[in-house]
Amino acid sequence: MRVGDFKESYAADEAVFRTSTARFWLGVFLVALAVFPFVAGDYLLYMANLTGVAIVAAVGLNILTGAAGQISLGHAAFVGIGAYTSAILVTRLGLPFLLCLPLSGLAAAFFGVIVGAPSMRMKGLYLCIATLAAQVIFEFIFVHWVPVTGGIRGINVPAATVFGLQLDTEFKFYFVTIPIVILVVTAARNLFRTRVGRAFIAIRDRDISAELMGINLFQYKLYAFATSSFFAGVAGCLNVFLLKVVTPEHFPLHESVRYLAMIIVGGLGSVLGSIFGAIFMTMVPEALQSLLNLFQGLDPAVMEYLFPLQTVIFGLLIVVFLVFEPQGLAEIWRRVKDYFRLWPFEH
Amino acid sequence: MNILSVENLSLSFGGLAALTDITFQVRAGEIFSIIGPNGAGKTSILNCIGGFYKPQQGRITLDGKDVTKTSPDRRAAMGLARTFQNIALFRGMTVLDNIKLGAHARLKTSLLQALLYWGPAHAEEMALREDVEKDVIDFLEIEPIRKLPVGALAYGLQKRVELARALAMRPKVLLMDEPVAGMNAEETEDMARFVLDIKEERGGTIVLIEHDMDVIMDISDRVMVLNFGHKIAEGTPEEIQHHPEVIKAYLGEKKN
Ligand SMILES: Nc1ncnc2c1ncn2[C@@H]1O[C@H](COP(=O)(O)OP(=O)(O)OP(=O)(O)O)[C@@H](O)[C@H]1O
Ligand SMILES: [Mg+2]
């Protein structure tokens, strides 16, 4: 607890940002987000947009896997369903971007509920395999249902249009990505302030006592699948309008694994952790790449070894993080905050 | 008036008969205790009442409604709360969140409202916080630990938090499985006082399983004795203490 502040009422105690200090830093952060596009170049903006998409998807997966404890190996497939839904709606029906967004979420949520249905009877690894099956099946459909998905060549989409404005640059798209990320993060945070989010965690921690609290396990598992894949679908929609194309290559199994890595590195069950994890998994490989580019001039024979090194270092970094802080970046962040909370009055 | 009634309950696991033809009634506002040696079937009775074990035979009625075929979560929503012999808290959560979970069934916030945290969801959470503070946290004297993760608490306190969570359900019947097991004298005394207060101040009905005979004899209104899955006696603590079968089966065994 911060020094010298007394909680006046339970309402204040239940607030997400409890103190004026916390609200101040949130304000600073939001201003920084708003200023960023005016100082950053196209490449950085592109990375920011990609990271935003990853955050939306990771927040979704963290609800299902981190909070509710249902491990999914099919998250990329739901992102894919969202992406294809958008691509089809915009190219065939000419629906506007702002309509594609929720419809992509709903389409993914619909299939999420279907894929989640086996959770009535299956738990743990068995359910995990069911989600893996979903991943494989949807990938197959993306590739082979050519009349609808365009097969391996995919679907090209025009730039998104919002209120008559074409979002044809990274700069413009940034102003769509960030508000959506903020909305999604807020919604997820809200969830965990209510009985629904608590029920998810209860199911993960101890499903038998959860049932004794009057929680219908099946219903809430389906809620978790629906919410998680809704966010995945929204991420898919953003993704398709960011890249202006959708192909099956965007949603392979290892993309699902990458989302899992995001929430594990970031912190399971933590909304903030999803953000950290998504940033880490998107930015660090890029940073390593540019680092290795510094050695560009070297002998090609050396470069041959340096190139795969990037993947190795990245893998090692993840392992090191998890060894030292299994609870992820969110926990490291919490400790740093706790340290500065009393600063400069250390004890 | 009987608030809980169990008729001809029989339960077996494969060849092992855990419960044989058990019948008893619990009256509203009483502390009804179940005692018996280890493995007598006490916990199994609670598991049948709670809906986790499906008895091969028998009928269970809660507040006048036949719940024999009702799912565990529905029974909980109908007013059945439970604490466990082995603590079954949600370890990853704070004390406060654990307690709030107890109120789950009477809250109304839907998934959509939860995501938006708009109007009713917000109001409900605020009212809930006040309710659990006044009804439960204050009553059980756990204000100082409400923000701690339950995993960090001492055993005795965890048991108290489990009771808090059960009370947050505002149960019609509270099933308690060995609430003082493993506690020191002071903790035991506190817990016994809380159980008695639940009955006397709040008119609660409690089904209590306990090995601690002092506690049983002190606070029970009526006691049922089990041995090898059979009911061998029922009566006031006074009657039970002098019941020859009981002395033979239970108290006698304990003296050895
Ligand atoms: N899930 C189960 N599967 C198989 N046998 C079980 C199961 N649950 C209980 N039993 C058996 O049923 C009998 C009664 O067990 P129960 O746990 O109800 O006893 P108890 O009176 O609560 O004992 P204790 O005082 O040790 O807690 C025991 O023989 C036990 O081994
Ligand atoms: Mg027992």
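Mentor: Let's start with a definition: a salt bridge is a side-chain nitrogen of Lys or Arg within 4 Å of a carboxyl oxygen of Asp or Glu. Keep in mind that this is a predicted model.

Trainee: Thanks! How many salt bridges are counted between chain A and chain B?

Mentor: Take one pair as an example: Arg129(B) and Asp13(A) have their closest N and O atoms 2.9 Å apart. That pair is a salt bridge because the cut-off is 4 Å. For chain A and chain B, the count is five.

Trainee: Which helix of chain A gives the most to the side that touches chain B?

Mentor: On that side of chain A, 16 residues are nonpolar, six polar and nine charged. Helices supplying at least two residues include helix 1 (10-14), helix 8 (170-191) and helix 9 (195-205). With seven residues, the top contributor is helix 9.

Trainee: Now chain B by itself. What area do domain 1 and domain 2 of chain B bury between them?

Mentor: The domains are 1-79 + 171-256 for domain 1 and 93-169 for domain 2, with C-alpha centres 26 Å apart. Carbon and sulfur atoms give 67% of the area the two domains bury, which is about 1,400 Å².

Trainee: And which residues pair up in a salt bridge at 3.9 Å, N to O?

Mentor: Between domain 1 and domain 2 of chain B, two salt bridges are counted. A distance of 3.9 Å passes because the limit is 4 Å. The side chains that meet at this distance belong to Glu141(B) and Arg193(B).

Terms used: Residues are numbered from 1 along each chain as its sequence is written. Chains are lettered from A and ligands numbered from 1 in the order in which they are written. This is a predicted model: local features need pLDDT of at least 70, side-chain atom pairs count only at pLDDT 80 or more; totals for chains, interfaces and linings use all residues. Side-chain values use heavy atoms; hydrogens and water are left out. Helices (H or I, at least four residues) and strands (E, at least two) are DSSP runs, numbered from the N terminus. Ala, Val, Leu, Ile, Met, Phe, Trp, Tyr, Cys and Pro count as nonpolar, Asp, Glu, Lys and Arg as charged, and the others, Gly among them, as polar. Domain bounds come from an automatic or database domain assignment. Buried area is the accessible area (1.4 Å probe) that two parts lose on being put together, summed over both.
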